[in-house]
Amino acid sequence: MDKPSISETIIQYEKKKDMNDTQFAFESHLSVERVHNLKSGEYEATPEEEKTILEYIKLHS
């Protein structure tokens, strides 16, 4: 089974924690615009962004 995309990972985490993009961006130290872009699938996360997001989610799950 394929691993979920970073956008799907963010969406599922936000649902689980009842967060909005602003909260997620603030807590993960990304810009809100970047979170929107990643969730829309228009842009791919850089390796650094993906690492930051996954580490944040792992730490706070």
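User: Why is K39 called partly exposed?

Analyst: Its relative accessible area is 24%. Buried means under 20%, exposed means over 50%, and partly exposed is what lies in between (1.4 Å probe, protein chains only). With 24%, K39 falls in that middle class, so "partly exposed" is the label. Keep in mind that this is a predicted model, where local features need pLDDT of at least 70 and side-chain atom pairs count only at pLDDT 80 or more, while totals for chains, interfaces and linings use all residues. Residues are numbered from 1 along each chain as its sequence is written, and side-chain values use heavy atoms, with hydrogens and water left out.

User: What makes the K39 and E14 pair a salt bridge?

Analyst: Side chains of opposite charge can pair when their charged atoms come close. The cut-off here is a side-chain nitrogen of Lys or Arg within 4 Å of a carboxyl oxygen of Asp or Glu. For K39 and E14 the N to O distance is 2.7 Å, which is within that limit. K39 sits in helix 3 (residues 32–40) and E14 in helix 1, so this pair ties together parts that are 25 residues apart in sequence. Helices, by the way, are DSSP runs (H or I, at least four residues), numbered from the N terminus.

User: How do you know that E14 is buried?

Analyst: E14 has a relative accessible area of 6%, and that is under the 20% cut-off, so buried it is.

User: What else does K39 pair with in a salt bridge?

Analyst: D21, with the closest N and O atoms 2.6 Å apart. This one links distant parts of the chain too: D21 is in helix 2 (residues 21–28) and K39 in helix 3, 18 residues apart. D21 counts as buried because its relative accessibility is 12%, under the 20% limit.

User: How many salt bridges does the structure hold?

Analyst: Three. One of them joins the side chains of E49 and R34 at 2.6 Å, N to O. E49 is in helix 4 and R34 in helix 3, 15 residues apart, so again distant parts of the chain are linked. E49 has a relative accessible area of 13% and R34 has 18%; each value is under 20%, so each residue is called buried.

User: Which residues does E49 contact, leaving aside its neighbours within four places in sequence?

Analyst: L30, R34, L38 and E44. Contact here means heavy atoms within 4.5 Å.

User: Why are helix 1 and helix 3 called roughly perpendicular?

Analyst: Two packed helices are described by the angle between their axes and the distance between the axes. Helix 1 and helix 3 pack at about 115°, with their axes 7 Å apart. Axes are lines fitted to C-alpha atoms, for helices over the stretch in contact, and angles run from 0 to 180 degrees between N-to-C directions. Under 35 degrees counts as roughly parallel, over 145 as roughly antiparallel, 65 to 115 as roughly perpendicular and the rest as oblique. The angle puts this pair in the 65 to 115 class, and therefore the two are roughly perpendicular. S7, I10, I11 and E14 of helix 1 make the contact with V35, L38 and K39 of helix 3.

User: What makes S7 buried?

Analyst: A relative accessibility of 14%, which is under 20%. S7 touches L38 and K39, not counting residues up to four places away in sequence.

User: What about helix 1 and helix 4: at what angle do their axes cross?

Analyst: Roughly 30°, and the axes of helix 1 (residues 6–17) and helix 4 (residues 47–60) come within 11 Å. That angle is under 35 degrees, which means helix 1 is roughly parallel to helix 4. On the helix 1 side the contact uses I6, T9, I10, Y13 and K17, and on the helix 4 side E50, I53, L54, Y56, I57 and H60.

User: Why does D18 count as exposed?

Analyst: Its relative accessible area is 67%, over the 50% cut-off, so exposed is the word. D18 is found in the loop between helix 1 and helix 2. Its phi is near 55°, a positive value in a residue other than glycine. Most residues other than glycine have a negative phi.

User: How do you know that H29 is exposed?

Analyst: H29 has 71% relative accessibility, which is over 50%. H29 is placed in the loop between helix 2 and helix 3, and its phi is also positive, near 65°.
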